[in-house]
Amino acid sequence: MLDKSIQEIHEALKNKMIKPIDLVEEAFDRIEKNKELNAYITLNKEEAIKRAKELENKEVGNNLLFGLPIAVKDNIITKNLKTTCASHILENFIPIYNATVIEKINDNDMIIIGKTNMDEFAMGSSSRTSYFGAPKNPWNKEKISGGSSGGSATTIAAKDVLFALGTDTGGSIRQPASYTGIVGMKPTYGRVSRYGLVAFASSLDQIGPMTRNVYENALLLNIITGADEKDLTSADKESEDFTRLIGKDIKGMKIALPNYFMSDIVTKEIRTEVEKAKKILEENGATVDYIDMKYLDKVVILYQIISMGEASSNLARFDGIRYGYSIENPKNIEDLYLETRKNGFGKEVKRRIMVGSYLLSGENAKIYYNKALSIRDDIKKEFDKVFKNYDLIIGPTTTTTAYDLTDSMDDPSKSFMDDVLVIPVNMAGLPGLSLPIGFGKNHMPIGLHIIGNSFDESTIYQLASFLEKQVNLDLDPRKDDKNV
Amino acid sequence: MKNKLTKEEVLHVAHLARIKIDEGEIEKYQIELEKLLNDVDKIKEVEGYDEEKMIAPWTKNTITREDKSGEMLNPKEVLKNAPRHSGNYIEVPIVISDGEEA
């Protein structure tokens, strides 16, 4: 049933041909079969079954998402359901309240099926910093699924479930989406409440939908947005129907393609696929212009400073006192902090907290963090300029396709460089989506990155759904028997 | 940033972060932290920084809420996650010790 279109599933539920419990059981069967992919840290089996049964007494109505299973990244807190952030320090942490997005999912009668694997505290680009081991790419189990939302990307690509939530601080939804051939959207900063999202870099973090297609992505975004008085950075914007432009033609649309995104930092096979997409757009009445943009080659530095700085401050709360892992018999409080954090955090996280602490200490705050924020503001203005003349910006999502799980992790800059094409969007707070547009060598997926103006997710979906229809890819890794 | 981070500098940074590092790890951190600090140092080459500019991460469309009291979390629930607690209190080890090495 889970391979059918959302409309078919909805009709079947409405006509009582199937019940939510059938979908839940099918999802757990698939997850069990794909266990080797290591997409989940915790399954919510008992509670999901209970909830599915409760929903049997409820009207399906016109809610297309009714009764559908959803996977949630493990840095979004869920009441009474273990939330680890893929870290030893939170290995046994059971939250006592729900994130706002979780309340919204429950209110819309979706069923949480489990918590997905990720890089520890979302710090990484391959999900290999997870305390629970890395998830594997359903297209080739020797490859990474990307990160940090690698588990959510894996479970969608493997067709376990139709819906997942990820989070994106510097590309963590879009990059794994590209590596696994699914659709991932990072909404405008402020579109979705961050209340209950375990903070990594507060001025960049955003929750967003990861799905098998564009339409379902927009449907999920519809229910998770909105101002929230528990997150004062959430935006005061009316809710809207993000599916409303899907299916509209793109004639007259003006699209920009920054030269930097097509430079030799990107492999030839990926540039070729982007060129093909460009041609399709032009053949259908859109214009695509190559443009120059300032600062794009500087974003990784800014991202490193801002994200490590904010992380060092946010992760100070893990002190072994109020929750989480704590050492036995500390001599005194200093000993408790030092030893708990030494044993509780993994290598990557420790490194980033250390550098971040240094960057924010004393005069350094001015030299590094303040300057980074100031240049970030200039980047935002640079994007504003482009959006005066263009509706959307496109480019590749990643510089290569998914690499091997066994590739070296020795270079501490590598995980940042992996995200060079997606970070500008976080810097400017803009919405961005990755859409599968083709395959590279060894049949690994390639994604197109579509960037919109602030709060203009709908136009992104319009273009994405148009292209999705045109390229019409077969995105089922199960068809190749080497795979799932 | 200098070319190579000294042992003392590594220990200083680790102390700022309240993370203990063992003697045997120092050399590894000298290399890794130096790499990252060299990366971020490149910001010094970027021109056009206006120190006087007011910066807030995001100011557009943000919201405010009324200053009124709401529901509070149940202390018993909160304490479930605390590693050490007693009654309605979270326990902490000695904060100020009596002349002993802290």
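In this predicted model, Tyr358(A), Leu359(A) and Leu360(A) of helix α11(A) meet Asn364(A), Ala365(A), Tyr368(A) and Tyr369(A) of helix α12(A). The residues of this contact divide into six nonpolar, one polar and no charged.

The two helices belong to chain A: α11 covers residues 347–360 and α12 covers residues 364–389. Their axes lie 6 Å apart, at an angle of about 110°. Angles of 65 to 115 degrees count as roughly perpendicular, so α11(A) is roughly perpendicular to α12(A).

Ile305(A) links this region to chain B. Its contacts in chain A are Leu359(A), Tyr368(A), Tyr369(A) and Ala372(A), leaving aside residues up to four places away in sequence. On the same terms, Ile305(A) also touches Val40(B) and Ile43(B).

Ile305(A) also features in the largest nonpolar core, which holds 159 residues. Ile70(A), Ile255(A), Ile305(A) and Ile450(A) touch the most other members. Helix α9 of chain A, residues 299–314, supplies the largest share of this core, with nine residues. In soluble globular proteins, nonpolar side chains tend to be buried together.

Now the contact between the chains. Here 42 residues of chain B are in contact with 55 residues of chain A. Three elements of chain B, α1 (7–16), α2 (26–41) and α3 (75–80), each give two or more residues to the side that touches chain A. Of the elements, α2(B) gives the most, with seven residues. The make-up of that side of chain B is tabulated below.

| Class, side of chain B touching chain A | Count |
|---|---|
| Nonpolar | 26 residues |
| Polar | six residues |

Terms used
Residues numbered from 1 in each chain as written. Chains lettered and ligands numbered in written order. Predicted model: local features only at pLDDT ≥ 70, side-chain atom pairs only at ≥ 80, totals over all residues. Axes fitted to C-alpha atoms, helices over the stretch in contact; angles between N-to-C directions. Helix = DSSP H or I, 4+ residues; strand = E, 2+ residues; numbered from the N terminus. Parallel < 35°, antiparallel > 145°, perpendicular 65-115°, else oblique. Contact = placed C-beta atoms within 7 Å. Nonpolar A, V, L, I, M, F, W, Y, C, P; charged D, E, K, R; others polar. Core = buried A, V, L, I, M, F, W, Y, C linked by C-beta atoms within 7 Å. Buried ≥ 20, exposed ≤ 12 C-beta atoms within 10 Å, placed from the backbone.
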